[in-house]
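Hi,

Here is the structure I promised to pass on. Have a look at it first, and then read my notes below.

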Amino acid sequence: QARREEKAAAAARTADPPELGEFVREATRRAADVAALDDADAASLDTSWRALHDVAGKLAVLNKARYDATTASFPQLSDDGWTQLGAGCTAALDVAWRAVLAERRHGSGHDGVALIPQYALFLSHAGEDKHEYAIPLRDALCTALGDVARDAIFLDQISLPAGGDPETHMHRAAATSSAMLTVVTPAFLGKSWCLVELLVGLARRRDALRASAPGEYALLLDCYAGSAAAYPKGRTYSAWLGEVTTVLNVSMPTGIVHSARATKDMHMVKVVGAMQVLMQRVRRATQDEAAV
């Protein structure tokens with residue numbers, strides 16, 4: 001009896017969660033839906049974003065179901081489970097890319113006109129991590145780069161304009177910024193809004209690589225492995241990053257830039273230099289638009 005119970009418990013630990021199938025089905029269905037949209041129809045903008053939020057919601061539920069807080073990791077899936085996850089994430093990126101295209105065509109009244117990048121860097125994070133990670137990161141970059149960086153970095157609490165629709169502004173910022181930095185924590189992976197932003201970043205990076213223009217868009221996955229209670233002491237940064245890229249099926253050679261240090265050290269020279277280049281790109285785009 002004891003052996004049977006132990007065997008059953010082991011099987012339960014390795015069984016793929018039902019949330020995986022739900023995510024794959026939703027991503028596949030929504031990818032087909034947006035693929036059938038008429039790009040010239042302004043309604044495709046709202047439909048595409050709603051589809052992406054639905055898919056990200058299912059992915060957030062899956063991540064929360066799989067996450068083991070005791071070990072701060074995601075238990076292994078079966079071989080078939082990994083195949084399903086890969087298919088689901090691929091479909092999710094297709095949905096995200098359609099939202100980006102719709103935003104560029106119809107967002108903020110720019111019908112048929114490409115939107116210029118308003119921000120050099122979109123800082124994506126979970127609300128729980130705002131004060132410990134996101135704001136200190138922005139402040140460090142602003143200190144290193146000067147006040148000019150304050151308007152070049154999107155951070156929701158600071159960048160969202162008074163009045164208007166914050167969701168619309170965040171959609172546009174994510175779809176048009178020159179780069180994105182995601183502060184990946186367990187809280188981040190369980191938030192549908194965070195995953196919407198990350199999927200947009202992944203889709204844009206994938207497009208840049210397919211166009212053989214990797215310098216056109218940078219995506220940084222910053223996985224903080226500091227002293228927060230969610231991270232067991234001694235857990236390495238590289239191990240956590242490997243798990244995140246695996247669970248999101250982004251471990252293929254995409255050229256995604258991974259920050260080499262934890263969030264509080266992100267003001268290092270390499271990142272500051274990259275931000276200077278990104279801000280110059282935004283200024284040039286603004287000047288070109290004004291000259292037209």
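Predicted model: local features only at pLDDT ≥ 70, side-chain atom pairs only at ≥ 80, totals over all residues.

**Salt bridges**

Let's start with the charged side chains. Side chains of opposite charge can pair when their charged atoms come close. I'll walk you through three of them.

Take Arg 30 to begin with. Its side chain meets that of Glu 26 in a salt bridge, with 3.7 Å from N to O. Both residues sit in helix 2, which covers residues 18-35, and they are four residues apart, about one turn of the helix. Arg 30 and Glu 26 are both buried.

Helix 2 also holds Arg 29 and Asp 33, again four residues apart and so separated by about one helical turn. Their side chains form a salt bridge too, at 3.6 Å from N to O.

Now move on to helix 3, residues 43-66, where you'll find Arg 50 and Asp 46 four residues apart, about one turn of the helix. The closest N and O atoms of this salt bridge are 3.8 Å apart. Arg 50 counts as partly exposed because its relative accessibility is 31%. Asp 46 comes out at 47%, so Asp 46 is partly exposed too.

**Aromatic rings**

Next, the rings. A pair of aromatic rings is described by the distance of the centres and the angle of the planes. Searching the whole structure turns up two aromatic pairs.

One of them is Tyr 119 with Phe 154: the centres are 5.2 Å apart and the planes are at 70 degrees, an edge-to-face arrangement. This pair links distant parts of the chain, 35 residues apart. Tyr 119 is in the loop between helix 4 (79-106) and strand 1 (121-124), while Phe 154 belongs to strand 2 (residues 153-154). Tyr 119 and Phe 154 are both buried.

Phe 154 also pairs with Phe 122, with ring centres 4.7 Å apart and planes at 10 degrees, so this pair is stacked. Here too distant parts of the chain are linked, since Phe 122 lies in strand 1 and Phe 154 in strand 2, 32 residues apart. The relative accessible area of Phe 122 is 0%, so Phe 122 is buried. For Phe 154 the value is 1%, which is why Phe 154 counts as buried.

Put together, Tyr 119, Phe 122 and Phe 154 make up one aromatic cluster.

**Cysteines**

Last topic. A disulfide is a covalent bond between the sulfur atoms of two cysteines. How many disulfides does the model have? The count comes to zero. As for the cysteines, Cys 89 has 4% relative accessibility, so Cys 89 counts as buried. Cys 194 is buried as well, with a relative accessible area of 5%.

Cheers

Terms used
Residues numbered from 1 in each chain as written. Heavy atoms only, no water. Salt bridge = Lys/Arg side-chain N within 4 Å of Asp/Glu carboxyl O. Helix = DSSP H or I, 4+ residues; strand = E, 2+ residues; numbered from the N terminus. Buried < 20%, exposed > 50% of the residue type's maximum accessible area, 1.4 Å probe, protein only. Phe/Tyr/Trp six-rings, centres within 6.5 Å; stacked < 30°, edge-to-face > 60°. Disulfide = S-S within 2.5 Å.
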